[in-house]
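Here's a quick briefing on one protein model and the contacts between its side chains. Have the sequence and structure open as you read.

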Amino acid sequence: MASTGTQIFAFVLALLGILGATVATLLPNWKVSADVGSNIITAISQMQGLWMDCTWYSTGMFSCTLKYSVLALPAYLQTARTTMVLSCVLAALGLCLASLGLKCTRWGGGWRAKRHAAMAAGTCFLASGFLCLVPASWYTNEVIVSFLDANVPESNKFEPGGAVYVAFISSGFLFVGGSIFCLSCSGKRHGPQDLILLPPDKLLLQQQQQLLQQQQHQDQLQHQYCSLSPLDNKTGYSVQDYV
């Protein structure tokens, strides 16, 4: 298995990945209004996210509108919602499994069980990174295609916002963390694979019990050896009987 430091580094990357994916899911700036043309409008900035649309006005007011209707949303937006939520759920499950597969933890069973837990955690992280990458890529493609479309007026042109870049970075963290956890299962450990990691007090008590059992076994052998009586002199031959 991989070293403890490498696994902790992968765990931190996965933790940053799930935090970034959660923040990207909730942010309303998946696309922002592009500053093109010379049109004078009341709203100076517009943002659209997965769950709400926000607008800043030149008067300093700020308003957001939630997207209540799911069926009225385009396909790429519905897919982005679903995949980002699934990505966060899988990443959270991967963190729970990774805590069992870490070598520095005392729970999770023996080395074989820890390898299986690390493998499952890496698989969850990889799947979570893929589910985070798909909506970010699809959403970015839709924004770029709409921006380059000549039929779209300049006031309705948008460009990718900060949430998209956060989603890309988070998917990278999840991919790297998942790969490290999966590679940590490729090595073979010499010796008993089902050795259970015990706390120091329980391990010391187990060693004392083993030593006590060995001492008792030696005492029993010694007692059996000493209990053997010599041959009865009456049944043997004596020189005095022939003198």
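This is a predicted model: local features need pLDDT of at least 70, side-chain atom pairs count only at pLDDT 80 or more; totals for chains, interfaces and linings use all residues.

Residues are numbered from 1 along each chain as its sequence is written, and side-chain values use heavy atoms, with hydrogens and water left out.

**Salt bridge**

- The structure holds one salt bridge (a side-chain nitrogen of Lys or Arg within 4 Å of a carboxyl oxygen of Asp or Glu).
- Its partners are Asp 53 and Lys 67, at 3.2 Å from N to O.
- The pair links distant parts of the chain, 14 residues apart: Asp 53 sits in strand 3 (residues 52–57), while Lys 67 is in the loop between strand 4 (62–66) and helix 2 (75–101).
- Helices (H or I, at least four residues) and strands (E, at least two) are DSSP runs, numbered from the N terminus.
- Asp 53 is partly exposed at 26% relative accessibility, and Lys 67 is buried at 16% (buried is under 20% relative accessible area, exposed over 50%, partly exposed in between, with a 1.4 Å probe and protein chains only).

**Disulfide**

- There's one disulfide by the rule used here, which asks for a pair of cysteine sulfur atoms within 2.5 Å.
- Cys 54 and Cys 64 form that disulfide, with 2.1 Å from S to S.
- Cys 54 lies in strand 3 and Cys 64 in strand 4, so the bond ties together parts that are ten residues apart in sequence.
- The torsion about the S-S bond of Cys 54 and Cys 64 is about 105°, so this disulfide is right-handed.
- Cys 54 is buried at 1% relative accessibility, whereas Cys 64 is partly exposed at 36%.

**Other cysteines**

- Cys 124 is buried, at 10% relative accessibility.
- Cys 132 is in no disulfide either, and the nearest cysteine sulfur, that of Cys 88, is 7.4 Å away.
- Cys 132 is buried too, with a relative accessible area of 0%.

- An unreviewed UniProt entry lists residues 84–105, 117–139 and 163–183 as "transmembrane region"; positions are in the numbering used here, feature names are shortened, and annotations may be inferred rather than shown by experiment.
- Residues 84–105 are 82% helix and 0% strand, and their end C-alpha atoms lie 30 Å apart.
- Residues 117–139 are 100% helix and 0% strand, with end C-alpha atoms 33 Å apart.
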